[in-house]
Amino acid sequence: MSFPAQPLNREPTSFPGQVLYNDDLNKLLDVLPAAIRERLQQHPHLNQLVEVVLDLGRRPEARFPGFAEYLSEEVVSRADLDLVISQVGEFSSDNRAGIASTLHRISAIRNRQGTIIGLTCRVGRCVVGVITMIRDLVEQGRSMLLLGRPGVGKTTALREIARVLADELHKRVIIIDTSNEIAGDGDVPHPGIGRARRMQVASPELQHKVMIEAVENHMPEVVIIDEIGTELEALASRTIAERGVQLVATAHGNRIENLIKNPTLSDLIGGIQSVTLGDEEARRRGCQKSVLERKAPPTFEIAVEMLERHRWVIHEDVAATVDCLLRNREASIQIRSLDERGQVVIVRSTTGMNGRSSLLRPQWPPADTALFAGGGTWGSSGRLEPLPLEPVATRLQQPSSPLAKEEDSSAEPLANSQSESKSEEEAELPQDPEGLLRIYPYGVSRFHLEQVIRTLQLPAQVTKDLDEADIVLALRSQVRSRSKIQQLAHSRQIPIHTVKANTLIALAGALRRILNIESEEGAQSDLELFIQASTAEEAEALEEARLAVEQIVIPKSQPVELLPRSAHIRKLQHQLVESYHLRAQSFGEEPNRRLRIYPN
C-alpha cells in the first residue's frame, strides 16, 4: 500500500474496517485567519469538520455532520478573504481552487463584477476501505455508476476504487479529474489514488474531449470520471464503454429514476424512447399503445445509489431495472450496509418508480407444504411442464352441448386436430412439488382472476410477464386461429386455456378444472363464497368501476366520475382501476366523496 502518511492519532470517524489516513487538515487550517484557526484547533469535533464558510460581512461558520457553529463574534472582512485567496491555488473557470498535494477544495462566490465575496473551504479526506460493501462488484470488471446527493461520499468512493483497481488488481487506471477533487490540487497527485494516473482538465467544458483523449493516447483498462453532467460527456462515456474499457463514474442524480426522467443523462442507462405498440401487443401487456422503452444497452451495467454513507442500494443489472421501471413493475435490488462489526449485510428488496423499496416477502408455500390432499404441488421450480404444441393450425374446442351453462364451460385448452382425440388423462397437466401455477390473463379481468384465487385459496398466482407464465388463460372471444397470442404462446411452449365469460363463476370453474380440484357443490358453492367475501354494495361498486373503464375511459379516452362511496369501497375501486394501469383520484367531501377515473 503506497501511503507514506501514518494513520491519524485522533479518534477515526469511519466504521470498523475503514481506516482514515492523514487528511492534511493542518494545511487547510494554515490558510485561514489566525483567530479562526485557533478556535478550530481547540474544537472538540475537529476530526469531523466538513467545511468552513467565510462570507463577507458575516460571522465565520464551521459545519459538522448534523450541526454548525459560529467561530467568532467578528464578521469576515475583505482582508480575511484576501489572506485566504493569496495562499491557495488559482481559481479555475468553475470557481474552484485547491491546496497543493491535498484533497481540500476552496470554492468561491463572486458578485456581479466578478469579485470574490465568499469562500467555502471544504475538507477532503482519504478513507481506505470505504468500498467494502461493493468490493466484489468492483472486481468483476463491469462498468459502474455511482449516484447520490452531494456530501454522501461519491468522490471518496471513486478515489478508493481507483486505488484498489490500480494497486491491488494491477490494472491500468486513468482518472479524469476535472476539478482536482479526486487526486488533489497541484501537478503531483495525492497518494490516495495509488498507482492510478490522473489527467487534469483545463476547463469543465472540455471534459468529454479529455475522456476520449485518455482512451486514444494512454491505453487504459479503467477510466474513472467524476460528475458526468452533460450530453456530450454521456456520449463520450458510451464511446469509451463500446471500446471495451471499464468505466467507473458519478452522475448528477440521487436515484436511477432521476436518470430515466433526465433527457440529458438518460443515455447512461440506455436512453428512453416512445414506441407505439400494436393492438395485440398492447392487449398482451395490459397497457396503452404508446409506451416508453429502453433504446439501447446501458453504458453502465451496475448502478449504486448511495443513500447514506454506509447504506447503499445496488442495481446489479441496470438494463433489467430500467425495463421494469418503464413497465411500472417492481425491480429487484440489493440493499447493502455495514453492521457494528464492519460486516457487510445484504438484503434483497424491490423498488418501483416512486423510489420506495419494500422487502421481498418469503416464498409461499414452504417446501414441505402440500397444496393438495394427495401431497402434490405445482413444480419444484415454480413452473409447469408445458403441453406439447404441434405446428399445425389450432381451433377452439366447442362445448359438447349448446345448452351447457356458462359456469360449466370452465377452461378449455386450445388443441390441434391431431390431439383432440387424446384422453383427458393424457392431456392432464403434470404436477411437480413446490410452487404455484403462474397464470397469464389475456382478455380476462386480472382483478377478477386475483379475487377468485384469493377467495378460493387456490395454489396459483397471476403474472404480468408471459415469459414467467405456466399457462395462458384467455377469453374465448379474444382468441382466433393464428392470432398473436397463439404465436407467442407457441414459441414459448405455453398452453392456452379459454373461458367463455369474464365472470367470477366462470373463472372459478376454469381454475378448478385447470388445477384438477373437484368441488362437490360446484358453481353454487363458489357463488356463496364470493357473496360472503364481498357485500352487494361492494360488488355493485366494482361492477360500476369496471364498466366505466371498459366502456368509456379506455375506448373513448374520457374521464368518468363514479357514484359517492365509502372509504373502504373507494379503496377497492382504486385497486380495480390500477389493474387496468389507469389513474384515479378521490375528490369531494364526505358523504359525497367519489372517484374520478382518468385515461392515460
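This is a predicted model: local features need pLDDT of at least 70, side-chain atom pairs count only at pLDDT 80 or more; totals for chains, interfaces and linings use all residues.
Residues are numbered from 1 along each chain as its sequence is written, and side-chain values use heavy atoms, with hydrogens and water left out.

**Colour by confidence**

Colour by pLDDT, the predictor's confidence in each residue, from 0 to 100. The protein averages 79, and 79% of the residues score at least 70. Select residues 1–14: pLDDT is below 50 there, and this stretch has 33 contacts in the model beyond near neighbours in sequence. A contact means heavy atoms within 4.5 Å. Now select 358–434: pLDDT is again below 50, with 152 contacts beyond near neighbours in sequence.

**Switch to cartoon**

There are 18 helices and 30 strands in the protein. Helices (H or I, at least four residues) and strands (E, at least two) are DSSP runs, numbered from the N terminus. Buried residues make up 48% of the 600 residues. Buried means under 20% relative accessible area, exposed over 50%, and partly exposed in between (1.4 Å probe, protein chains only). Among contacts with a separation of 6 or more, 61% join residues 24 or more positions apart.

**Stop one: helix α5**

Select residues 154–168, helix α5. The 15 residues should span 21 Å at 1.5 Å a residue, and the end C-alpha atoms are 20 Å apart, which agrees. The expected span is 1.5 Å times one less than the number of residues. Is α5 enclosed or open? It is largely enclosed by the rest of the structure, because 14 of its 15 residues are buried.

Step on to His-170, in the loop between α5 and β10. His-170 is exposed, with a relative accessible area of 60%. Its phi is positive, about 55°, although His-170 is not a glycine. Most residues other than glycine have a negative phi.

**Stop two: the largest nonpolar core**

A nonpolar core is a set of buried Ala, Val, Leu, Ile, Met, Phe, Trp, Tyr and Cys residues joined through side-chain atoms within 4.5 Å. Which residues touch the most other members of the largest one? Select Leu-145, Ile-176, Val-223, Ile-225, Ile-256 and Leu-268, out of 33 residues in this core. The elements giving two or more residues to the core include β9 (144–147), β12 (222–228) and α7 (231–242).

Zoom in on Ile-225. Not counting residues up to four places away in sequence, Ile-225 touches residues including Leu-158, Ile-176, Met-211 and Leu-247. A second, separate core has 32 residues, including Ile-161, Val-164, Ile-224 and Met-306.

**Stop three: helix α6**

Helix α6 has 12 residues and reaches 16 Å from its first C-alpha to its last, close to the 16 Å expected. Its buried residues are Gln-207, His-208, Val-210, Met-211, Ala-214 and Val-215. What covers them? The cover includes β10, β11, β12 and α7. Just after α6, Met-219 takes a positive phi of about 50°.

**Stop four: His-190**

Select His-190, in the loop between β10 (173–177) and β11 (197–200). His-190 is buried, with a relative accessible area of 7%. Show its neighbours: His-190 touches Asp-24, Ser-101, Thr-102, Leu-103, Cys-126 and Ala-183, not counting residues up to four places away in sequence. A polar atom of the His-190 side chain lies 2.9 Å from the backbone nitrogen of Gly-192.

Pro-298 is found in the loop between β15 (290–294) and β16 (302–308). At 17% relative accessibility, Pro-298 counts as buried. Leaving out residues up to four places away in sequence, Pro-298 touches Arg-238, Leu-268, Ile-269, Gly-270, Val-318 and Ala-319.

Asp-317 is found in the loop between β17 (311–315) and α10. Asp-317 counts as partly exposed, at 42% relative accessibility. The Asp-317 side chain reaches the backbone nitrogen of Ala-319 at 3.3 Å.

**Last stop: Gln-493**

Finish at Gln-493, in the loop between α14 (484–492) and β27 (496–499). Its phi is near 60°, a positive value in a residue other than glycine. At 32% relative accessibility, Gln-493 counts as partly exposed.

How values were computed. A polar contact is a pair of N or O atoms within 3.5 Å; within protein, one must be able to donate a hydrogen and the other to accept it, and residues adjacent in sequence count only if both atoms are side-chain atoms.
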